[in-house]
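Please open the structure in your viewer and keep the sequence panel beside it. The tour below goes from stop to stop, saying at each one what to select and what is found there.

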Amino acid sequence: MNSAVISGGEFISRCLAAQGIRFVFSVDSERLSPILDSFEDYGASRVIKARNESAATVMADGYIRRGRRLAAVLTDDNGSALSQISGVTNAWADKIPLLSLSLCADGEPDYGKGFDRYGFDQGEVFQAVTQYRRKVTSLEDFPGALADAINYSLSDKMGPVHLDIPFGLLGQKVEASLGPSEEEARTVEERRVEPVRMAADEEAIERAAAIVRGAERPLIFAGGGVHASDAQEELRELAKRFGIPVATSMAGIGSFPADHELSLGPPSYAAGETFHVAIKEADVVIAVGASFSGLEGFGLPPLWSDAIKFIQIDIAPLQFGLNVKPDAPVLGDARTALRQLTDAVGSSGYEGKAEWGEWRSHLAKLKRDRASRLVKLAMRRWHKGHQGRFALELGGLVKRDDLLMVIDGGNTPLYAAMYAPAVGTRQVFFPYGMAALGGGIPYAIGVQLASPDKHVMLATGDGSFMYNVQELETIKRLDLPILIAVNNDSAWNMIKAMQDMLYARNFVGTCLPDVDYAKIAAGFGLHSERVTDVAEIAQAYERAVASGGPALIDAITDSSNVPDSLLSFSLVEFEGTFGGLDPMKFARSLWMMRDAGIHRMMHMSTYIRKAFLRVNPLARLGGTR
Ligand SMILES: Cc1ncc(C[n+]2csc(CCOP(=O)(O)OP(=O)(O)O)c2C)c(N)n1
Ligand SMILES: [Mg+2]
């Protein structure tokens, strides 16, 4: 019945449903019930209740990333609202159009009449990490404020938005006709994330095309913007048509299939020497939706050649010159601009240069050599499992079409990226624009809810697992068939590895206890098992799938292993760290590791030799640089 006057709570919930929001992520609070209780009345709308607000925010983000449909997080005020901040910040860094809503105080603090220290403008805290934020002033104001917020979230480079809703509005009565009809709220389709399809200026495209045609060793560098713009097909077309090799950033993971012959394999520095040689030797880089963060060495020396001509395609003009200074900035939507560029380069029958074949084989050989070296290392017999083997076993599973993977941790995602390269579009998720670990479990929940017909696997470090362990209860309650694989090396290993190299194994705060995560998961009612031999992961996975419900595999690995690519990452991210490396301490640390030390040293030295010392053999042979 569409009665003339409805409650504020119902009005707000109806507006959300009528905007095509089908999932609201929240945490139980009786103050929210006027909104939440009526929301599920609208069509297929669902309220997903998490065990903490920070996790609820990350779930909404995961849902949007995988589903490419809008979703909201809604929490109570004060601490509940502010718990959203880490999740909203991460969505901001990764440019996810997340709708963040919270209750807030009704008015200004009443001086002298019971001033509450919580009575500050909590919305201001959201200011720095949203594309738009405002406090709703009245129920009449809400439909417009919501529409505005959603438009802003989808504008420009996209990003989160925040609305504060005064609690008092929920109990007020309002004319239903001031908002959308009940019918509309029930029947409207779920709102898709539609990127702004802004075409690039033709002159900018022509300039870029001329640079591509003149290139000696061109390279495409694909970032998260390719996902944001759904430009995976267009990226493939550009690469294939002219035979240009493709590297991806960490955010661009999976934007180009890692098993394609033109792909450098794993994303960014996880591709090791293949990536480092490519970015030292390339003379032209076509960057697509890539912001060149520290994970990518900022696009600058020492990792990148300073002779590169950059073509930079981006929807946000502020990206130009932030790190690299593009010779040809191309302002526009990635998908649209890639089509334009492909047409322009290929006009008058141009098909790429014959000499590019040599460049392609050079990189392809590096990729092959690296892959076999990594596999050999992981397959060696170690006292405890090698993390590479852990990731290799999981990687074999990810090749299945029905499996999605979320990665979380320090070295764990690095190993996963190295050994389980993403083959499918939106199959692997590494959602760490802010490098905030611990989001794995809630991300996996969001991704799973967006893809009920798929299985989701989370590969997580043990340290990261502990950040949101409470959400195992949510997984169990919703009976989601998520498989969690814990890389249990009893360490914050990314940090521990630094301490190892710099301070001769003087570890501070990075050794974690030998926790039995299988028992913890069993306590939450999950199928679980501890695997002490990483070679048995695939069988454990089969048993987990056969259990039919959520499951966890607690795989024991050895913290003395360090991914080689951590070295180049540290060179840039922790600038100067390795400058302070004391060779004696490093040597002592290797010696103290006994059998692992010698293999590690040999592996590292191959990496250093290939990635950094023979950086430009073509130039030495008379190349252009
Ligand atoms: C929220 C947050 N806190 C701290 C850090 C710093 N940090 C980066 S990696 C890491 C260790 C992660 O340990 P684990 O999840 O076990 O992964 P591992 O490196 O052992 O594979 C820490 C603490 C961070 N990135 N994010
Ligand atoms: Mg660990």
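How many residues of domain 2 are in contact with how many residues of domain 3? Before selecting them, note that this is a predicted model, in which local features need pLDDT of at least 70 and side-chain atom pairs count only at pLDDT 80 or more, while totals for chains, interfaces and linings use all residues. Residues are numbered from 1 along each chain as its sequence is written, and chains are lettered from A and ligands numbered from 1 in the order in which they are written.

**Stop 1: the domains**

Colour the protein chain by its division into domain 1 (5-187), domain 2 (202-367) and domain 3 (379-581), bounds that come from an automatic or database domain assignment. Between domain 2 and domain 3, 20 residues of the former are in contact with 20 residues of the latter, where contact means that the C-beta atoms of two residues, placed from the backbone, lie within 7 Å. On the side of domain 2 that touches domain 3, twelve residues are nonpolar, seven polar and one charged; here Ala, Val, Leu, Ile, Met, Phe, Trp, Tyr, Cys and Pro count as nonpolar, Asp, Glu, Lys and Arg as charged, and the others, Gly among them, as polar. The C-alpha centres of domain 2 and domain 3 lie 30 Å apart.

**Stop 2**

Select residues 309-314, which form strand β12; strands (E, at least two residues) and helices (H or I, at least four) are DSSP runs, numbered from the N terminus. Five of the six residues of β12 are buried, so the strand is largely enclosed by the rest of the structure; a residue is buried if 20 or more other C-beta atoms lie within 10 Å of its own, exposed if 12 or fewer, and partly exposed in between, with C-beta atoms placed from the backbone. Two strands count as paired if DSSP finds at least two bridges between them. In these pairings, Val288 has Ile313 of β12 as its bridge partner, and Gln312 stands opposite Pro329 in β13.

Leaving aside neighbours within four places in sequence, the contacts of Val288 include Ile220, Leu235, Ile313 and Leu338.

**Stop 3: the open sheet**

Next display the open sheet of six strands, whose order is β15-β14-β16-β17-β19-β18, with parallel pairing. At its edges stand β15 (428-429) and β18 (527-531), each with a single partner strand, so one side of each is left without a neighbour in the sheet. Strand β17 (residues 482-488) pairs with strand β19 (residues 551-556) in the parallel sense over six bridges, and Asn487 stands opposite Ala555 in β19.

**Stop 4: ligand 1**

Select ligand 1 and the 19 residues around it, of which Gly409, Gly410, Gly461, Gly463 and Asn493 come nearest; a residue is near a molecule if its C-beta atom, placed from the backbone, lies within 6 Å of it. At least two residues of this shell come from each of α16 (411-419), α18 (462-465) and α20 (493-503). By class, the shell holds seven nonpolar, ten polar and two charged residues.

**Stop 5: loops with backbone details**

Most residues other than glycine have a negative phi, and most peptide bonds are trans. In the loop between β11 and β12, select Pro302, which a cis peptide bond joins to Pro301, with omega about 15 degrees. Asp230, in the loop between α10 (224-228) and α11 (232-242), has a positive phi of about 55 degrees although it is not a glycine, and with 17 C-beta neighbours inside 10 Å Asp230 counts as partly exposed. Finish at Ser268, in the loop between β10 (246-248) and α12 (273-281), where phi is positive and near 45 degrees; Ser268 is buried, with 28 other C-beta atoms within 10 Å.
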